[in-house]
Protein chains: 2
Amino acid sequence: MRISAKCSVAIHCLLLISEYGGRLKITSALAAESTGVNPAEIRALMNLMKKAGLIDVKRGVGGAYLMRSTEEITVWDIYQAVDPYGLEKIMGIHPNPSDTCPIGKRIERVLEPSYTKIEESVMLSMQQLRLSDFVETFREMRRKEREERRT
Amino acid sequence: MRISAKCSVAIHCLLLISEYGGRLKITSALAAESTGVNPAEIRALMNLMKKAGLIDVKRGVGGAYLMRSTEEITVWDIYQAVDPYGLEKIMGIHPNPSDTCPIGKRIERVLEPSYTKIEESVMLSMQQLRLSDFVETFREMRRKEREERRT
DNA sequence: AAGCGATGTAAAAATAAAAATTACAATGAG
DNA sequence: CTCATTGTAATTTTTATTTTTACATCGCTT
């Protein structure tokens, strides 16, 4: 799992729960198999989503369950739960500017307001994407594939 | 320079050119001193911006110069020049999903359209931010500081 | 209440990405 | 021709992240 695919893995897990949670018990072993990611990492990820109130994970018996409808879970909710400092990765600020140079000593404060704007627009677009959108895309995809096979 | 501060360093360099390029020759050594980043990295960064047509860098004699007005250089221009794959860092997709699991084998295609939307919104907000905005913020900041000192 | 299949989580090890450094050929003005 | 400088490749170092291992804990089930 390079360059933070955390959010993708999290969505993958949520889709497993949403689409197969009724029939199968979604354990870390099952999700690990499906995602290709280590069970311990899956457990850590699931645990973060549990703490954020998105899912419930049963100890002892095992299994994960949605705590909200798929319309009530946005990508922003997931992203925040699972990779809270992720956004800083696109726009980090260099840590050792000169404190004698007029630009250097102000650069952080000069960049900050604009970076905040960018982050806000990411937040906004993530808030507009819901787990239900992925569910629909997935189901639509299967439907089409089935049709194709019939022709 | 951790977690891709490339864009920040690039903006820092452009501000040096814009604000002090008339009086000083902006060399990699000078920019390295001001940013706290290695001269070789500065040269690489400047070279990328040169290739993107944002600045001109004189070989032999040295020095960097803007090729467009500060209004005509957006953060998106800079970001694209300097860190073209940067956006993938916020939303990477896990590389080894199961190809037998119904979710696993479709996950990449399920995620992609939404991720594209997010990237487009980042692009849009970066396109709305110009180098001139940073110049203004910088000058305004100095002006206020001078005023404060007078009281 | 013992067994069992799970989770939660810490710690260690491995891996990969990114950055810093070094080095030097190429450049072009004077 | 000299000199300060760029362009760039190669190497080393550093740091972040992931993977793995391990095990205490949990709570059904029998």
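Contact here means heavy atoms within 4.5 Å. This is a predicted model, where local features need pLDDT of at least 70 and side-chain atom pairs count only at pLDDT 80 or more, while totals for chains, interfaces and linings use all residues. Residues are numbered from 1 along each chain as its sequence is written, chains are lettered from A and ligands numbered from 1 in the order in which they are written, and side-chain values use heavy atoms, with hydrogens and water left out.

**View 1. Chain A against chain B.** The contact draws 56 residues from chain A and 56 residues from chain B. Putting the two chains together buries about 4,700 Å², counted as the accessible area (1.4 Å probe) that two parts lose on being put together, summed over both. Carbon and sulfur atoms give 68% of that area.

**View 2. A salt bridge between the chains.** Look for A:Arg109 and B:Glu145, whose closest N and O atoms sit 3.5 Å apart. A salt bridge is a side-chain nitrogen of Lys or Arg within 4 Å of a carboxyl oxygen of Asp or Glu, and the rule finds four of them across the interface of chain A and chain B.

**View 3. Helix α5 of chain A on helix α1 of chain B.** Helices are DSSP runs (H or I, at least four residues), numbered from the N terminus. Here α5(A), residues 107-127, packs on α1(B), residues 6-20, at about 120 degrees with the axes 11 Å apart. Axes are lines fitted to C-alpha atoms over the stretch in contact, and angles run from 0 to 180 degrees between N-to-C directions. That makes the pair oblique, the class left over once under 35 degrees is roughly parallel, over 145 roughly antiparallel and 65 to 115 roughly perpendicular. On the α5(A) side you'll find A:Ile107, A:Val110, A:Leu111 and A:Tyr115, and on the α1(B) side B:Cys7, B:Ser8, B:Ile11, B:His12 and B:Leu15. Sort them and you get seven nonpolar, two polar and no charged (Ala, Val, Leu, Ile, Met, Phe, Trp, Tyr, Cys and Pro count as nonpolar, Asp, Glu, Lys and Arg as charged, and the others, Gly among them, as polar).

**View 4. Helices α1 and α3 inside chain B.** The axes of α1(B) and α3(B), residues 39-51, come within 10 Å and cross at roughly 80 degrees, so the two are roughly perpendicular. B:Lys6, B:Val9, B:Ala10, B:Cys13 and B:Leu14 meet B:Ile42, B:Leu45, B:Met46 and B:Met49. The tally is eight nonpolar, no polar and one charged.
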